[in-house]
Each structure stands twice: as C-alpha cells, then as structure tokens.
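Please read the notes below alongside the sequence and the coordinates shown here.

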Amino acid sequence: MTNLFDIKGKVALITGSTHGLGMAMAKGLGQAGATIVVNGNSSQEKIDNAVAELKSEGINAVGYKFNVTEEQEVKAAVAKIESEVGPIDILINNAGIIKRIPLLDMEVSDFREVVDIDLVSPFIVSKHVAKGMIERRQGKIINICSMMSELGRSTVSAYAAAKGGLKMLTKNMATEWAKYNVQINGIGPGYFATEQTKPIRVDGHPFNDFIISRTPAAKWGDPSDLAGAAIFLSSKASDFVNGHILYVDGGILATIGKPSNEE
C-alpha cells in the first residue's frame with residue numbers, strides 16, 4: 001500500500017511557494033521525497049530563503065523566479081526547469097491574491113488583477129507543463145481552489161469569481177487531458193493558521209470567534225493538514241481521481257446550520 005503514495009524522486013513545481021500554504025505543501029511533498037521547485041515573483045531573496053528553509057529540513061529544493069501571469073516567462077521557465085532539474089511530474093497552481101473591496105468600490109483594474117493571477121495564471125502554467133506530461137503519458141496537476149469556489153462572501157467578489165472559475169477550469173482540464181493519463185484535481189483549503197492570519201487568531205477577535213464557531217472541527221487548520229491531501233493527489237493513489245475538488249476545511253462546507261460544537 002505504501003507504494004500507492006510514493007512520490008520519491010518526483011519533481012514538483014509549486015507556484016507561489018515562498019511562504020504560507022504553498023510552503024506548507026512544499027514541505028509535505030519534500031518530506032515525502034519529492035524534489036521541490038519553489039516559485040515566486042516578488043524577489044529572488046524570498047525564493048532563496050524558502051529554498052534554504054527547505055534544505056535545512058533535508059529536502060531537495062531549487063528555486064525559480066518568474067511571473068505566472070506572463071506566458072513567455074512561464075514557457076521559458078518550464079523549459080529551463082525541465083532541462084536543469086528534470087521533467088515536471090507534479091504541478092501545484094498555488095499562486096494567488098485576494099483584494100477585500102466591496103463590489104461598488106472595486107476598480108475594474110483590481111478585479112482584473114485578481115482574476116489574472118488566480119484564474120488565468122493556472123491556465124497558462126498548466127498549458128505549458130501539461131504538454132510534457134501528455135507526451136510522457138503521466139502527470140499530476142493540482143489547482144488550489146477555495147471555499148469561495150462554492151460560496152460567496154462580502155468584499156471578495158473578484159476572488160470568488162476567480163476561484164469558482166478555477167473549479168470549472170479544473171474539471172475541463174480533466175475532461176481534455178484525462179485520456180493522456182494526466183490527473184487534474186483541486187484542493188479547497190478552509191481557514192488555516194498561517195503568519196498572515198496570526199494577528200486575528202486571538203481569543204475575543206470577532207473573526208477568530210466566527211471561524212471557531214462555524215467550523216465543526218472547532219479550530220483553525222494547521223498548514224501541515226494540507227500535506228496529506230497534496231500527497232494523495234500527487235501519487236498513484238489518485239490515478240483514477242480526476243476533476244475532483246478536495247475540500248480541506250474542517251467541515252465548514254458540510255453544514256448550513258450551527259455546527260455540532262455549538263450544541
């Protein structure tokens with residue numbers, strides 16, 4: 001059975017993986033034996049620091065700086081990675097942004113930027129990585145969706161539109177590429193305890209209380225909780241799973257009423 005989940009020696013490109021959930025998945029796959037290709041675009045220093053952090057834990061890691069929204073940069077980077085590191089076996093489209101702005105106040109430019117990064121970039125990167133996977137007749141693509149792939153929330157219209165679109169893009173990628181033994185699925189994270197959420201994860205903060213009360217598991221997710229889902233969708237264990245979105249959310253999407261911890 002352990003062979004089903006074996007990803008030793010696989011090359012995994014994770015976009016937007018210098019911190020947060022991208023880094024958490026990089027650590028999970030790296031600890032399972034994959035070679036991690038870190039990607040970011042804000043600075044080479046952040047990429048170098050992320051690679052150093054992974055290497056300090058005994059993970060084989062390299063870093064490449066490129067803008068996932070620029071097709072020519074992506075095309076060149078994919079070719080370089082496959083030449084210098086090896087064929088990309090696993091792609092995780094994790095890069096994304098959110099802008100919390102009410103619809104009536106949001107500029108068109110802000111809406112387009114969110115959609116460009118959160119929806120168009122997974123199309124661009126997948127398009128160029130999938131070509132090699134299709135030729136080799138094997139590969140795993142994981143799109144990082146969201147609970148907003150299913151639900152709306154005040155002030156996140158562009159993000160919800162993009163993540164809802166990413167869910168359907170995932171299904172359509174599977175529709176077109178499954179016949180080449182390429183599996184394309186998504187992970188929809190719930191609310192996780194990251195550095196970004198640290199300031200609000202304190203007792204008495206309204207949003208902290210809201211998350212704990214609305215989550216049947218009655219807690220924030222630990223970033224390491226994503227590792228199992230990522231390994232499953234990266235391994236042979238998911239060879240007949242395609243076009244599926246796996247929600248790792250502590251049960252939030254399972255209930256419309258008060259969760260069991262509020263009884």
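Predicted model: local features only at pLDDT ≥ 70, side-chain atom pairs only at ≥ 80, totals over all residues.

1. Residues are numbered from 1 along each chain as its sequence is written, and side-chain values use heavy atoms, with hydrogens and water left out.

2. Helix α3 (residues 71-84) packs with helix α4 (residues 108-136) at an angle of about 35°, their axes being 8 Å apart; helices here are DSSP runs of H or I with at least four residues, and strands are E runs of at least two, numbered from the N terminus. The axes are lines fitted to C-alpha atoms over the stretch in contact, with angles running from 0 to 180 degrees between N-to-C directions.

3. The contact (heavy atoms within 4.5 Å) is made on the α3 side by Glu71, Val74, Lys75, Val78 and Glu82, and on the α4 side by Ile124, Val125, Lys127, His128, Val129 and Arg136. By class, this contact of α3 with α4 has 5 nonpolar, 1 polar and 5 charged residues, where Ala, Val, Leu, Ile, Met, Phe, Trp, Tyr, Cys and Pro count as nonpolar, Asp, Glu, Lys and Arg as charged, and the others, Gly among them, as polar.

4. The structure holds 4 aromatic pairs, a pair being rings of Phe, Tyr and Trp (its six-membered ring) whose centres lie within 6.5 Å, with planes under 30 degrees apart counted as stacked, over 60 as edge-to-face and the rest as tilted. Among them, Tyr191 and Phe207 are edge-to-face, at 5.6 Å centre to centre and 75° between the planes; Tyr191 sits in the loop between β6 (182-189) and α6, and Phe207 in helix α6, 16 residues apart.

5. Tyr191 also forms an edge-to-face pair with Trp220, at 6.3 Å centre to centre and 85° between the planes. Trp220 lies in the loop between α6 and α7, so this pair ties together parts that are 29 residues apart in sequence. Tyr191, Phe207, Phe210 and Trp220 form one aromatic cluster.

6. Trp220 is buried, with a relative accessible area of 11%, whereas Tyr191 counts as partly exposed at 22%; buried means under 20% relative accessible area, exposed over 50% and partly exposed in between (1.4 Å probe, protein chains only).

7. Thr215, in the loop between α6 (206-214) and α7 (225-234), counts as buried at 2% relative accessibility. The side chain of Thr215 reaches the backbone oxygen of Ile211 at 2.7 Å.

Terms used: Polar contact = N/O pair within 3.5 Å; in protein donor to acceptor, adjacent residues only side chain to side chain.
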